[in-house]
Amino acid sequence: MHSPTAKVSGYIVLMIVQIIFLILFWLFVRYEKAVLPQAIGAEDAGSANEHVSKYPQFQDIQVMIFIGFGFLMTFLRKYGYSATGYTLFMAALVVQWSILMKGFLHMESGKISLSLENIIDADIAAAVPLISMGALLGRTTPIQLLCMSIFEVALFAANEYLALNVLSICDCGGSITVHAFGAYFGLAVALMLRPASDQNEAGKHEGANYLSDISAMIGTTFLWVYWPSFNSVLADGAGGERAILNTFLSLAAATVTTFVVSALVSHENKLDMVHVQNSTLAGGVAVGTVCNLLLGAHGAVLIGIIAGTVSVLGYRYLTPWLTSNLRLHDTCGVHNLHGLPALISAIASAIYASMVTVDDYQSELEDIFPAMVGNNGTATKIMGGLGRNASSQAGYQLFGIVVTLLIAIGGGILTGAVLKYTNFRNLQKDEHHLDEQYWEVPALENKEE
C-alpha cells in the first residue's frame, strides 16, 4: 500500500468518482425553470433575476470556503500545500456530491432542479467535511479524505432534511446542522484513528512557525469579514438583514473577549496566536442558529462574549485534556471553534424560541418557525404536527441538536472504523503533517527540519 502504484490507483479512484458524478448529473439534474430561456413576451421572463441577486453573497461564501478555510489550516509549518490544496479538492468534490444528495431528497418528477440557490446550499455543505478535516489535519491520506467526505455528506444531507423539514427547527446559519455535525463527526473519526498510548506525544512537525501563523491569520481575516454572508444568505427580507447585524456584533464581541481571556489564561499573560486565529470566529458560529431572530443588539453581543470565553478556555484547558486522557488529537481545535459554540447556539435557540410570539414576528413567523403556524402549505410531514406553541418549539430545538450529535458521532465512529480496519493506508507517525508524502516540495524545504 506504500508503493507508487498504490498512490496512482488512488487517484484513478478519484477520477472514477468524478465520472460517476458526471453520469448522475446527466441522468438526474436539470436547470430550474427560472434559469431557462423564456418564451418571447412571457410575463415571468425576468424572474431569473431573483436568483442572480444573491450572487454577491455566493461570492462571499466561495471566499470563505476556498480561501478562509484553506488558509486557516496553514498554521502547520510543513503542511501548507496540503491545507490549501486539499481544501480546494474537497470543496470541489463535495459541492457536486451535495447537489446530488440534497437533490435526491427534493426531487420533482424524478429530476433535480439546478439553480443558484442549489449551488449556495452545496457551498455551505462543503464546510461540513472541511470542518471534519480540521480535526484530522495532517494524519490522513487523500483517499481517506475522499471516503470520509462521500459518506459524511450523504449522512449530513439526511440529517439536515430530518432537522429542518421533519423536526422543523430553526437553524438559519447552520450552527446545528453544519458546524455541530462537521465538528463531532470529525472528532469521532479522530477518536477511532487515535494513536497508540506509546505514540501519543505531539508529532515532530505538528507545530507552527512565525510565517505559517501569519498565513493562517489570512484565513481568519477572510472568514471574519465574510461570516455575516454565510449566516444570512439563506434568510429573506428583514430576517436576512437581522442575520447580518447580529452576526457582525457577535463576531466583534467574541474578538474583544478572545484577546482579553487569552491574555489572562496564557503563559506569562501573553496573547496566544491559536486563540486569535480561531476563537475570534466563535461568535459567528454561536449566533448562527439564532442570527435571524429578534435577539436585540445586547443579545448578539452577549452570545459573542460567551462564545469567545468558552472557545479560549477550550483551547487552553479542554484540548490538552482530551489529548492526554483520550488520545484524541484535534489538530485545528474544531471542538472549540465549531463544536462548543454550536452547542451554545442550540441552547440559545431554545431560549429564544420559548419566547416567540405572533405579535413579535408577525408575517415572518411562518418562514422562521413554520411548525408554529396552523396551516403553512408544506408538503412535508412535520413531527408533532403544526400549530406548536413556543415551549414545544424550544423542545424541538434541543431535540434537533441531540439527534444531530447522535447521527454525527455514530456516523463518525463507523467511518473511522472503516478507515482504520479495512485496506486503507494509514500514515505512520513520522509521516504526519508533511506535504512531501503527496506533493512535490522544493528541494530547499526537504532539507529543513
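## The largest pocket

In this predicted model, the largest pocket is lined by 50 residues, and those that lie nearest its centre are Glu117, Asp121, Leu164, Asn165 and Leu234. The space in this largest pocket comes to about 1,700 Å³. By class, its lining divides into 20 nonpolar, 17 polar and 13 charged residues.

Several elements contribute to this lining, and each of the following supplies at least two residues: α4 (80–104), β2 (112–114), α5 (116–136), α6 (142–166), α7 (175–192), α9 (237–265) and α15 (365–368).

## The second largest pocket

The second largest pocket holds about 760 Å³ of space, and of the 35 residues that line it, Val274, Tyr315, Thr319, Asp330 and Thr331 are the closest to its centre. Two or more residues of this lining come from each of α3 (55–72), α5, α10 (273–278), α12 and α13, and the largest share, five residues, is given by α12.

The lining of the second largest pocket is made up of 15 nonpolar, 14 polar and six charged residues.

## Helix α12 against helix α13

Helix α12 (residues 296–326) and helix α13 (residues 334–353) have axes that come within 8 Å and cross at roughly 140°, which makes α12 oblique to α13. The crossing of these two helices is right-handed.

On the α12 side, the contact is formed by Gly299, Ile303, Ile306, Ala307, Val310, Ser311, Gly314, Tyr315, Leu318, Thr319 and Leu322, and these meet His335, Asn336, Leu337, Leu340, Ile344, Ala348 and Tyr352 in α13. By class, the contact of α12 with α13 has 12 nonpolar and six polar residues, with no charged residues. Tyr315 and Thr319 take part in this contact, and both are also listed among the residues closest to the centre of the second largest pocket.

The crossing of α7 and α13 is left-handed, whereas that of α12 and α13 is right-handed. From α7, the residues Ser175, Ile176, His179, Ala180, Ala183, Tyr184 and Leu187 meet Val334, His335, His338, Gly339, Leu340, Ala342, Leu343, Ser345 and Ala346 in α13, and by class this contact has 10 nonpolar, six polar and no charged residues. Within α13, His335 and Leu340 meet residues of α7 and also meet residues of α12.

Helix α7 also packs against helix α16 (residues 390–421), where the two axes come within 7 Å and cross at roughly 35°. The crossing of α7 and α16 is right-handed, and the residues of their contact divide into 17 nonpolar, seven polar and one charged.

Conventions: Residues are numbered from 1 along each chain as its sequence is written. This is a predicted model: local features need pLDDT of at least 70, side-chain atom pairs count only at pLDDT 80 or more; totals for chains, interfaces and linings use all residues. Side-chain values use heavy atoms; hydrogens and water are left out. Axes are lines fitted to C-alpha atoms, for helices over the stretch in contact, and angles run from 0 to 180 degrees between N-to-C directions. Helices (H or I, at least four residues) and strands (E, at least two) are DSSP runs, numbered from the N terminus. Angles under 35 degrees count as roughly parallel, over 145 as roughly antiparallel, 65 to 115 as roughly perpendicular and the rest as oblique. A crossing is left-handed if the near helix is turned anticlockwise from the far one by less than a right angle, and right-handed if clockwise. Contact means heavy atoms within 4.5 Å. Ala, Val, Leu, Ile, Met, Phe, Trp, Tyr, Cys and Pro count as nonpolar, Asp, Glu, Lys and Arg as charged, and the others, Gly among them, as polar. On a 1 Å grid over the protein atoms alone, a cavity is a set of points where a 1.4 Å probe fits but cannot get out, and a pocket is an open set with protein on both sides within 12 Å along at least five of seven lines; lining residues have an atom within 4 Å of a point. Grid points are joined across faces, edges and corners, and a volume is the space filled by probe spheres set on the points.
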